[in-house]
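I opened my notebook today to look up a few things about one fold. Here are my entries, in the order I made them.

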Amino acid sequence: QVQLVVSGGGLVQAGGSLRLSCAFSGRTFSFYAMGWFRQAPGKEREFVATISWSGGSTYYLDSVKGRFIVSRDNAKNTAYLQMNSLKPEDTAVYYCAAALDEGVPYEYDSWGQGTQVTVSS
């Protein structure tokens, strides 16, 4: 079964950057699309970004477009979320997820543990 391990969260000032990593194991990474989600206190989990198996297609939440970049390294079985120009409203627990890439919409059925991202004003 797929296992996902997320790392890279932390505390950063507004305007700063963080990079999250999601290490994938248990199946063939290049068969899977990878997604990033977040959940802020008192709010529902929301989609942030996703990347196709090849990296050729990416999709973003409107509010992070131009600030966040999703990428992957299929040789390292790892997906990344580079977060730039962070804002206090980006504060949340961030999760990665995996879905067999059979085309959109992706059905995520494997989830990593969350990592806290806190952006101070």
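**Entry 1: a pair to start with.** Which side chain meets Lys-65 in a salt bridge? I looked it up, and the partner is Asp-62, at 3.0 Å from N to O. I noted the term for myself: a salt bridge is a side-chain nitrogen of Lys or Arg within 4 Å of a carboxyl oxygen of Asp or Glu. Side chains of opposite charge can pair when their charged atoms come close.

**Entry 2: ground rules.** I reminded myself that this is a predicted model, in which local features need pLDDT of at least 70 and side-chain atom pairs count only at pLDDT 80 or more, while totals for chains, interfaces and linings use all residues. Residues are numbered from 1 along each chain as its sequence is written, and side-chain values use heavy atoms, with hydrogens and water left out.

**Entry 3: buried or exposed?** I wrote down the cut-offs: buried is under 20% relative accessible area, exposed is over 50%, and partly exposed is in between (1.4 Å probe, protein chains only). By that scale Asp-62 is exposed at 60%, and Lys-65 is partly exposed at 49%.

**Entry 4: the other pairs.** I found 4 salt bridges in the structure. One of them joins Asp-90 to Arg-67, at 2.7 Å from N to O. Asp-90 sits in the loop between β8 and β9 (92–100), and Arg-67 in the loop between β6 (58–60) and β7, so this pair ties together parts that are 23 residues apart in sequence. Asp-90 is buried at 1%, and Arg-67 is buried at 9%. I also saw that salt bridges with shared partners join Arg-38, Glu-46, Arg-67 and Asp-90 into one network. Within it, Glu-46 and Arg-38 meet at 2.7 Å, N to O. Arg-38 is buried at 6%, whereas Glu-46 is partly exposed at 32%.

**Entry 5: the sheet.** In what order do the 4 strands of the open sheet lie? I read β1-β3-β8-β7, with antiparallel pairing. The edge strands, β1 (3–7) and β7 (68–73), each pair on one side only. The twist averages 15° from one strand to the next, where axes are lines fitted to C-alpha atoms (for helices over the stretch in contact) and angles run from 0 to 180 degrees between N-to-C directions. Strands here are DSSP runs of E, at least two residues, numbered from the N terminus, and two strands pair if DSSP finds at least two bridges between them.

**Entry 6: a look inside the sheet.** I counted 6 bridges between β3 (residues 18–25) and β8 (residues 78–83), which run antiparallel. Cys-22 stands opposite Ala-79 in β8.
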